[in-house]
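Morning, everyone. Let me put the model up, and then I'll walk you through it.

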Amino acid sequence: MKRIGILTSGGDAPGMNAAVRAVARKAMAEGLEAYGINYGFAGLVAGDIHKIEAADLDGVVNQGGTLLYSARYPEFAHEEGQLKGIEQLKRFGIDALVVIGGDGSYHGALRLTEHGYNTIGLPGTIDNDIPYTDFTIGFDTAVNTDVEALDRIYDTAHSHDRTFVVEVMGRGAGDVAMWAGLSVGADAIVIPELDWDMETIANKIKHNRANGHRCNIVVLAEGVMGADEFVEKLSQYGDFDARANTIGHMQRGGRPTAKDRVLASKMGAYAVELLLDGKGGLAVGIQDNQLVNHDILDLFNSKHKAELSLSKLNEDISFN
Ligand SMILES: Nc1ncnc2c1ncn2[C@@H]1O[C@H](COP(=O)(O)OP(=O)(O)O)[C@@H](O)[C@H]1O
Ligand SMILES: O=P(O)(O)OC[C@H]1O[C@](O)(COP(=O)(O)O)[C@@H](O)[C@@H]1O
Ligand SMILES: [Mg+2]
């Protein structure tokens with residue numbers, strides 16, 4: 001093996017650059033060359049591919065976004081695009097590929113593996129919705145961004161005796177909502193994985209208010225419903241002077257936390273070690289603080305397990 005290709009795909013996530021840097025620099029340290037593919041699978045098919053020099057990676061470890069750019073490119077679900085992508089990789093003499101992205105990107109990586117092309121997946125998504133890893137690259141930063149936003153919203157909630165319903169991202173997963181909600185002492189955290197009931201939430205808010213809690217924060221995972229709709233339904237159970245906020249894409253950008261930088265660096269270097277061992281078709285994860293790898297195919301026969309006990313814990317300690 002002489003050349004490793006790297007691409008980032010799907011929603012950008014803070015720490016993707018640290019992962020690209022780790023893969024490329026580790027490859028170089030092992031006497032290999034690194035090639036960057038711009039715009040995920042779209043750039044792969046188009047042949048938007050360039051050699052990465054060590055100096056290109058200077059000053060990127062602390063940058064959000066992705067220096068390789070990203071794309072949502074549904075066309076890659078078609079075999080024609082996949083074969084074209086492999087042709088491009090061969091044209092550049094690239095022997096193996098590291099795909100940094102979320103669950104969708106892993107589908108693309110699996111297709112390449114099925115066509116006999118050695119591919120390793122690194123979990124890069126703020127959603128934390130990937131099986132066989134406790135954490136994904138970008139999750140910690142997104143949660144911390146949400147916590148900062150929620151702390152600011154709390155100031156207004158507290159000053160005006162208001163209830164704020166704040167919608168955070170996560171697609172179908174409630175991890176971002178649970179971590180952010182527990183971190184700010186939310187009155188309620190509403191996620192798609194667990195049953196919930198509007199009347200119970202309204203009663204909890206009333207109970208807390210009756211016991212001196214002047215304002216309320218409800219953290220809502222986007223996979224449940226939008227914040228406006230939630231406020232409308234909540235208001236049917238009382239006048240909480242409620243406001244809806246959606247944090248949106250600002251939680252996807254920004255400088256990665258140290259935790260995400262370290263995770264990305266570890267995973268990136270590990271991917272190169274796996275490839276040097278002649279392995280491929282694998283997804284890298286971290287479980288109980290140990291780097292692990294699983295067949296990418298196994299990820300599609302499994303479901304991400306959210307740490308749902310966080311929701312129960314929040315219930316237990318968020319009353320007045
Ligand atoms: N079934 C599939 N087969 C091949 N490629 C896919 C498939 N699903 C997704 N992809 C590729 O992965 C990209 C990223 O997936 P997406 O779900 O948008 O983000 P993420 O990887 O962050 O979850 C898609 O735009 C597409 O190029
Ligand atoms: O950026 P877009 O295309 O509007 O998509 C928003 C979605 O992307 C995310 O921010 C990240 O998701 P992925 O990692 O799966 O791309 C989700 O939390 C959100 O639902
Ligand atoms: Mg995804």
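Predicted model: local features only at pLDDT ≥ 70, side-chain atom pairs only at ≥ 80, totals over all residues.

Residues are numbered from 1 along each chain as its sequence is written, chains are lettered from A and ligands numbered from 1 in the order written, and side-chain values use heavy atoms, with hydrogens and water left out.

Now the site. Which residues are around ligand 2? They are Gly10, Gly11, Arg72, Thr125, Ile126, Asp127, Met169, Gly170, Arg171, Glu222, His249 and Arg252. Each has a heavy atom within 4 Å of the ligand. By class, that shell holds 2 nonpolar, 5 polar and 5 charged residues. Gly counts as polar here.

Next, polar contacts, meaning pairs of N or O atoms within 3.5 Å. Thr125 puts a polar side-chain atom 2.6 Å from a ligand 2 oxygen. For the side chain of Arg171, an N or O atom is 3.0 Å from an oxygen of ligand 2. Gly170 uses a polar backbone atom, 3.3 Å from a ligand 2 oxygen. Of the 470 Å² of accessible area that ligand 2 has on its own, the protein covers 80%. That is Shrake-Rupley, with a 1.4 Å probe.

Last, Met28. Met28 is in helix 1, residues 16-29; helices are DSSP runs of H or I, at least four residues. Buried or partly exposed? Met28 counts as partly exposed because its relative accessibility is 24%, and that class lies between buried, under 20%, and exposed, over 50%. Met28 and Glu53 are 25 residues apart in sequence, yet 8.9 Å apart in space, C-alpha to C-alpha.

Technical notes
Polar contact = N/O pair within 3.5 Å; in protein donor to acceptor, adjacent residues only side chain to side chain. Helix = DSSP H or I, 4+ residues; strand = E, 2+ residues; numbered from the N terminus. Buried < 20%, exposed > 50% of the residue type's maximum accessible area, 1.4 Å probe, protein only.
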